[in-house]
Amino acid sequence: MKKTIFLIVLVTICVSKVFADNSFTAKASTTNAQVGEQIQITFTLNSTSGKNFQPPSFKGFTVLAGPSRSMSTQIINGQVSSSLSFIYILSADVAGTYTIEPAKITVDGKVLSSNSITISVSKSAPQNAAKQPSSEKSLGEQANEIIRNNLFIRLVIDKSQAYLGETIVATYKLYVHPNLNIVNISVPKMPSFNGFWTQDFGIKELKFTTENINGVPYRVADLKQVVLIPQQVGNLPIDPMEIEFVVRLLVQQQKKRSRDPFDMLFDDPFFNDPFFSNRYKDFSYTVKSKPTSIKVLPLPGNQPADFHGGVGAMQMKAWLDKDKVKTGEVATLRVQISGKGNLKLLSPFNLALPNDFDVYEPKLIDNTNVSPTGVTGNIVFEYYLIPKNPGKFKIEPIKFAYFDLSRKEYVTLSSNPFNLEVEKGIGTQSFATGIKKEDVKLIGQDIRYIKTNHPKFSSSNTTLWASPIFFVLSALPVALWFILFVFNRRKTQLEGNVILLKQKRAKTIARKHLSIAKRFMSDGKKEQFYEETARALWGFVANKLNISPTDLTKATIRTRLAELGLNPNEIEQLINVINFCEQARYSPLGDNQPLEVIYSNAVEVLSNLGEKLV
């Protein structure tokens with residue numbers, strides 16, 4: 001009998017899959033919302049074989065969470081249905097009417113599009129403080145009061161005032177009463193850190209300790225730890241963290257008064273009887289930490305010329321790997337900055353080198369460590385020097401200035417000068433300078449090679465100086481000199497114009513970060529992949545638009561790109577990729593798309609911007 005039922009179900013599933021038409025629909029929890037209200041958008045496919053899900057841009061809304069993916073199969077009256085859903089939680093930003101464009105998904109090689117959704121957003125209605133009089137509280141109100149008094153989140157920051165570029169450590173802590181039973185935790189909204197460079201510690205599981213508060217041994221766990229480095233001056237807000245809890249409480253059949261709200265739950269021996277275990281009830285409750293802000297002070301104005309934004313306590317070391325090379329060989333100059341501070345935000349140095357050297361974009365080696373105490377370790381800039389001419393050369397000392405937090409002043413570090421002896425390499429051609437024309441003598445024409453065969457002579461009526469080849473050969477050195485002159489002049493202009501040099505190298509630097517991100521993608525290192533991808537996008541826009549680190553925000557990027565006449569959809573595509581990388585790094589709900597999709601989106605964004613921002 002069981003085998004027969006199983007065969008019937010199996011046949012029904014196969015038949016339904018064969019004859020079912022695939023549909024892809026979008027549904028909103030509400031189409032009339034108020035500013036700040038949360039809206040759930042669900043994209044549902046009546047099959048589980050969908051691939052390459054592409055969400056819309058959600059213009060006019062902030063994505064709080066998603067997409068969360070769910071699959072379900074149901075058998076009702078012998079009819080089998082299976083579905084695949086992608087769920088987003090949005091927050092309405094500004095009043096108005098917005099259309100959420102269709103999402104796309106691929107099923108059996110065919111691309112399906114969902115329906116669009118129009119949502120009207122109105123201004124928030126004023127809260128009415130007056131409440132209806134009630135002699136007794138409802139069960140839900142009692143439960144909320146118990147949970148509110150015994151479950152909370154605190155934001156702990158190691159300093160409330162800091163200098164621009166100073167490292168701050170923020171920790172979100174969860175406090176739970178020992179008698180409170182939590183059955184589920186979800187994160188609908190992660191805090192945003194606008195105006196800060198951030199690095200998350202990536203807490204993978206909650207580890208509880210005990211902390212005594214007013215005589216009660218609360219269970220305490222770190223929800224999130226992050227290093228913040230302010231990039232703007234002023235009072236920078238830190239948004240609260242929002243957590244949705246499901247708490248299980250023991251509900252009594254009869255109400256009774258008690259001084260301790262937990263008496264309702266645990267002190268009635270009748271309801272502690274195991275026979276009445278079904279009297280437990282689950283309650284949903286949302287907890288938010290209190291919003292706070294950090295006062296960011298500007299750095300003193302007497303900044304030295306060699307200051308590149310370093311803040312903290314740092315040391316410098318510079319050395320050449322060799323003191324004697326040949327022309328065309330590579331000498332490596334390494335500059336190491338170590339200590340504690342915003343090491344990850346330091347930019348390469350501008351070396352004062354003789355014109356006899358070719359130098360390329362330095363290689364960055366990051367040996368830093370992010371911990372609850374801040375950013376420590378070192379970074380190394382490797383410069384590859386290629387001499388073109390032989391001789392003895394002196395490389396000026398490398399200087400590095402940073403703001404010392406303990407001394408509250410700028411400190412300039414300097415290396416010793418470097419001496420490099422260059423010999424002429426075998427098979428290389430040196431670029432001679434300072435040679436006079438009369439010093440060059442023509443040799444090798446006094447003795448001609450004796451030919452052994454019978455020469456064939458032919459007469460010509462034209463002389464060499466009157467032939468076309470004579471004029472071509474005469475003009476060739478002039479043309480080559482002109483091309484070399486234009487090339488050197490252009491190179492000098494680029495080296496003298498820092499802004500233009502950054503713009504020219506923006507694509508090369510971004511391509512390097514994407515190459516590193518691709519390697520991390522192949523190795524399955526998601527955290528490093530998202531960090532390098534975001535760094536490529538931020539750095540490309542900053543270099544192309546000449547935006548300083550202190551002004552580099554999403555709002556600034558939107559404004560500057562809009563002023564240049566870029567398509568709003570292209571701007572939003574860039575912001576969406578940046579937002580996804582940040583959300584994937586900091587939110588457990590954000591890492592739900594294949595890394596290959598994120599990588600291809602980043603490449604597409606940079607390619608489009610590279611064509612527009614010439």
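A residue counts as buried when its relative accessible area is under 20%. The legends below describe a predicted model.

View 1. The predicted chain contains nine helices and 31 strands. Of its 614 residues, 37% are classed as buried. The exposed surface comes to about 37,200 Å², with carbon and sulfur atoms supplying 53% of it. Among contacts between residues at least 6 apart in sequence, 72% join residues at least 24 apart.

**View 2. Helix α6, residues 526-545.** Of the 20 residues in α6, 15 are buried, so the helix is largely enclosed by the rest of the structure. At 1.5 Å a residue, α6 should span 28 Å, and its end C-alpha atoms lie 29 Å apart, which agrees. Just after α6 comes Asn546, with a positive phi of about 55°.

**View 3. The largest nonpolar core and a second one.** The largest nonpolar core is made of 40 residues. Leu151, Tyr172, Phe196, Leu228, Ile238 and Leu299 have the most contacts inside this core. Strand β13 (residues 168-176) provides the largest share of the core, five residues. Leaving aside residues up to four places away in sequence, Leu151 touches Leu174, Tyr175, Val176, Leu180, Ile182, Phe245, Val247 and Val287. A separate second core has 35 residues, among them Ala506, Ala536, Ile575 and Cys581.

**View 4. An open sheet of three strands.** The strands of this sheet follow the order β4-β8-β9 and their pairing is antiparallel. Its edge strands, β4 (50-54) and β9 (110-113), each pair on one side only. Neighbouring strands of the sheet are turned against each other by 25° on average, direction ignored. Three bridges link β4 to β8 (residues 104-107) in the antiparallel sense. In that pairing, Gly50 has Val107 of β8 as its bridge partner.

View 5. Which residues of β31 (residues 418-423) make up its covered face? Phe418, Leu420 and Val422 do, while Asn419, Glu421 and Glu423 form the uncovered face. Strand β23 (residues 324-326) runs parallel to β31, and three bridges join the two. Lys326 has Glu423 of β31 as its bridge partner. Strand β28 (residues 391-395) pairs with β31 in the antiparallel sense over five bridges. Opposite Gly391 stands Val422 of β31.

View 6. Five of the six residues of β29 (residues 399-404) are buried, and the strand is mostly covered. Strand β22 (residues 307-320) runs parallel to β29 and is joined to it by four bridges. Here Val311 is partnered by Phe403 of β29. Strand β30 (residues 409-414) pairs with β29 in the antiparallel sense through six bridges. In this pairing the bridge partner of Tyr402 is Val411 of β30. The hairpin of β29 and β30 has four residues between the strands, and Lys408 takes a positive phi near 55° there.

Key. Residues are numbered from 1 along each chain as its sequence is written. This is a predicted model: local features need pLDDT of at least 70, side-chain atom pairs count only at pLDDT 80 or more; totals for chains, interfaces and linings use all residues. Side-chain values use heavy atoms; hydrogens and water are left out. Two strands pair if DSSP finds at least two bridges between them. Axes are lines fitted to C-alpha atoms, for helices over the stretch in contact, and angles run from 0 to 180 degrees between N-to-C directions. Buried means under 20% relative accessible area, exposed over 50%, partly exposed in between (1.4 Å probe, protein chains only). Contact means heavy atoms within 4.5 Å. Accessible areas come from the Shrake-Rupley method with a 1.4 Å probe; for residues, only the protein chains shown count as cover. A nonpolar core is a set of buried Ala, Val, Leu, Ile, Met, Phe, Trp, Tyr and Cys residues joined through side-chain atoms within 4.5 Å. The expected span of a helix is 1.5 Å times one less than its number of residues.
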